[in-house]
Amino acid sequence: MLDLLMLGFTEIFQINILIVILIGVVVGIIAGLIPGFTVTMAIVLTLPLTFGMEPVMGIAAMIGVLVGGMSGGLITAALLGIPGTPSAVATTFDAYPMAKKGQPGKALSLGIWASFLGSIISFFLLISIAPQIAGLALEFGPWEMFSLIVAALTIIVSVTGESLLKGLIAGLFGLLIATVGADPIVGISRFSFDIQTLRAGIPFLVVLIGMFAISRLFNAVEKSELEKDLSEKQEEKIKGLKFALHPIETFKTVIKKPVNLIRSSFIGSIIGAIPGAGGSIANIIAYDQAKKWSKDKDKFGTGHDEGVVASESGNNSTVGGDLIPTIALGIPGSAVTAVLLSALMVHGINPGPLLITNEPNIVGGIFVAFLIASFFMLFAQFLGMRFFVKVTDVPNRILVPVILVLCVVGAFVLNNRLSDLYLLFIIGIIGYFFTKYKFALAPIIIGVILGPIAEVNLRRAVMTDPDWTLFFTRPISVTFLVLAILSIIFTLWQNKRSNA
Amino acid sequence: MGEIIIGILLILLSAVIYFNSGDFQQVNDSILGPGSYPKLVAALLGFLAIILVIKKMIELIKTKKPIFEEGKKKFFLNVWKEHKIVFLIAVSLGLYIILMNVIGFIISSIIFIIASGLIIGSKKKKDIVLMSVISVTVTLGMYFFFENVLYVRFPDGILF
């Protein structure tokens, strides 16, 4: 582990890489704080920019966006009471009342410290756990890999979205998109229907931009039409706001209650490591647990510091947790890490249990970039807060068109092909309707990225030994399959209970 | 209603994939050829989509609420009001992509940013000037960044 970190330090400590991480953090914070624009969108649009970079540099930039984005939601959550990202929902419960009571500076500083310390705790969990899990996974045969993917996908489906059925449909739709193009084992072209563009398959990046950026922008203009007056009022409110940050004082407040901080960060890391569950779930659960264990239960919701700390350390620590299965198994825990993996794949690096052994400099680079990004986030937030607060002013009529052009450029950059843009348009429309009717998008994306891996392993397994029962008799494989079935049963049971 | 339409489209999609999966030539004697896995996924997707459609249809019949509660005209008027901007933005995005091939990246992007900015926001004179400045800056910035730093060749259009 130490050699990994050493390698990482030598990879990351170059002035141009450090600058790229800093830019990433700032971009992430801005994306996180603007309501309706998600961190995922920012990462997806960063991806095309990294094509020309060295792999480590590209990944470092994206980690910066991710860490910054998780903490950016704090700003609008505290000052306006609207979460900039779903990951900051619980932050509004206490940070907003605190700001209304005349302590906006305290609310922001507490959140920044909690975000930072949560990241650092999850960093230590990441570097100590990921190599162990990867070591175990080296024993996996194609049976285990296939069952693992089945389990990962079903778990994703059961934790995201409200309907199990719609989630499963979304996941299978993703798997189906991934089958278009060259067969992964023998290489013949499938389902291209003699359309030249489809012959090489539907590019992953195009699916990502269409699903996560274009469709969200469509949704944003639809919503903004309904909430026009509301947002104008809020803009006014934030403009006249005056506040002072007290970094040292609030640091002491956070550190005084270490149990709350550590508990919330552990919750965040564990939830982050579960495929599909991320910051949006972690901040609520961490907040809820903090309230349950606190001596001052009544103060929660009125502007209590423990609430802010729990929510913000809960969401930022998911980043480290999310990276655990991503690095150790090649299974992305969320749409965001799916983008990270695809960035690796663009550079010809195959994610999976062998990643740590084969590409120690990349893995070390990811670890160290995460650490550095957390520090940059801390400084950027404290030093740049006044600037970030201003950004909430940028109206949709400027943002949406500019980002749409960025989407089109991003999709074009991959292959320099105009026909990819037609695909982008179609996928954007599909994504819009899927979101509108509450089909979760994360299962689609993870289906697209895991689909080929699942297929290769399934066929390899049957090629090695035509005996189908091996999937159910190999202990690790059957464990994963049981896990998959249990996650479905559990969700069904839960839905039934909440309906009753 | 929307779910039913999505469900039916997904059923059609899985049927197309399922019935096109049979005719790949077998390269070797492996048990699972190129068509087997897509066939499996398509079958599962089709099955679940059928369940979704049936479920939503039952819900629709059960509520017994007529879809056109306030008359057909009003219903469509509301749908149009809700989706007007999305529709216009989608159309202009489509046109933008098509036009890019004809008039080139720079001009089409500038037009697109101004046009969609006006669709979303106000149409005051001051805002049009602001949108124009932004669109030119953003477009040229992106153009030079991608052409010079990432060596991307944008379409110049056939007219120029």
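How many helices and how many strands does the secondary structure of chain B come to? Five helices and zero strands, where helices (H or I, at least four residues) and strands (E, at least two) are DSSP runs, numbered from the N terminus. This is a predicted model, in which local features need pLDDT of at least 70 and side-chain atom pairs count only at pLDDT 80 or more, while totals for chains, interfaces and linings use all residues. Residues are numbered from 1 along each chain as its sequence is written, chains are lettered from A and ligands numbered from 1 in the order in which they are written, and side-chain values use heavy atoms, with hydrogens and water left out.

**Chain B on its own**

- Reading from the N terminus, the element order in chain B is simply α-α-α-α-α.
- Chain B has 160 residues, and 40% of them count as buried; buried means under 20% relative accessible area, exposed over 50%, and partly exposed in between (1.4 Å probe, protein chains only).
- Take the contacts in chain B between residues at least 6 apart in sequence, and 61% of them join residues at least 24 apart; a contact here means heavy atoms within 4.5 Å.
- The accessible surface of chain B is about 9,600 Å², with 71% of that belonging to carbon and sulfur atoms. Accessible areas come from the Shrake-Rupley method with a 1.4 Å probe, and for residues only the protein chains shown count as cover.

**Where chain B meets chain A**

- Chain B puts 63 residues into the contact and chain A puts in 59 residues.
- Between them, the two chains bury about 5,500 Å², 85% of it on carbon and sulfur atoms. Buried area is the accessible area (1.4 Å probe) that two parts lose on being put together, summed over both.
- On the chain B side, Leu32(B), Tyr37(B) and Ile97(B) lose the most area to chain A, together 13% of what that side buries.
- The rule finds one salt bridge across this interface, a salt bridge being a side-chain nitrogen of Lys or Arg within 4 Å of a carboxyl oxygen of Asp or Glu.
- Glu3(B) and Lys166(A) meet through their side chains in a salt bridge, at 2.7 Å from N to O.
- The elements giving two or more residues to the side of chain B that touches chain A are H1 (2-20), H2 (36-63), H3 (72-103), H4 (105-120) and H5 (125-148) of chain B.
- H3(B) supplies the largest share of that side, with 13 residues.
- By residue type, the side of chain B that touches chain A splits into 44 nonpolar, 14 polar and five charged. For this count, Ala, Val, Leu, Ile, Met, Phe, Trp, Tyr, Cys and Pro are nonpolar, Asp, Glu, Lys and Arg are charged, and the others, Gly among them, are polar.

**Salt bridges within helices**

- Over all chains, the structure holds 13 salt bridges.
- In helix H2 of chain B, Lys56(B) and Glu59(B) sit three residues apart, about one turn of the helix, and their side chains pair up at 3.5 Å from N to O in a salt bridge.
- Lys56(B) is buried, because its relative accessible area is 18%, whereas Glu59(B), at 40%, is partly exposed.
- Over in chain A, Arg459(A) and Glu455(A) form a salt bridge at 2.7 Å, N to O; both lie in helix H21 (residues 442-464), four residues apart, and both are buried.
- Asp288(A) and Lys292(A) are another salt-bridged pair, with the closest N and O atoms 4.0 Å apart. Both belong to helix H13 (residues 279-293) of chain A, with Asp288(A) partly exposed at 38% relative accessibility and Lys292(A) exposed at 52%.

- The Asn283(A) side chain reaches the backbone oxygen of Gly279(A) at 2.7 Å and the backbone nitrogen of Val89(A) at 3.4 Å.
- Ser265(A), in helix H12 (residues 258-273) of chain A, is buried at 0% relative accessibility.
- Beyond its neighbours within four places in sequence, Ser265(A) is in contact with Gly118(A), Ile121(A), Ser313(A) and Ser317(A).

Notes: Polar contact = N/O pair within 3.5 Å; in protein donor to acceptor, adjacent residues only side chain to side chain.
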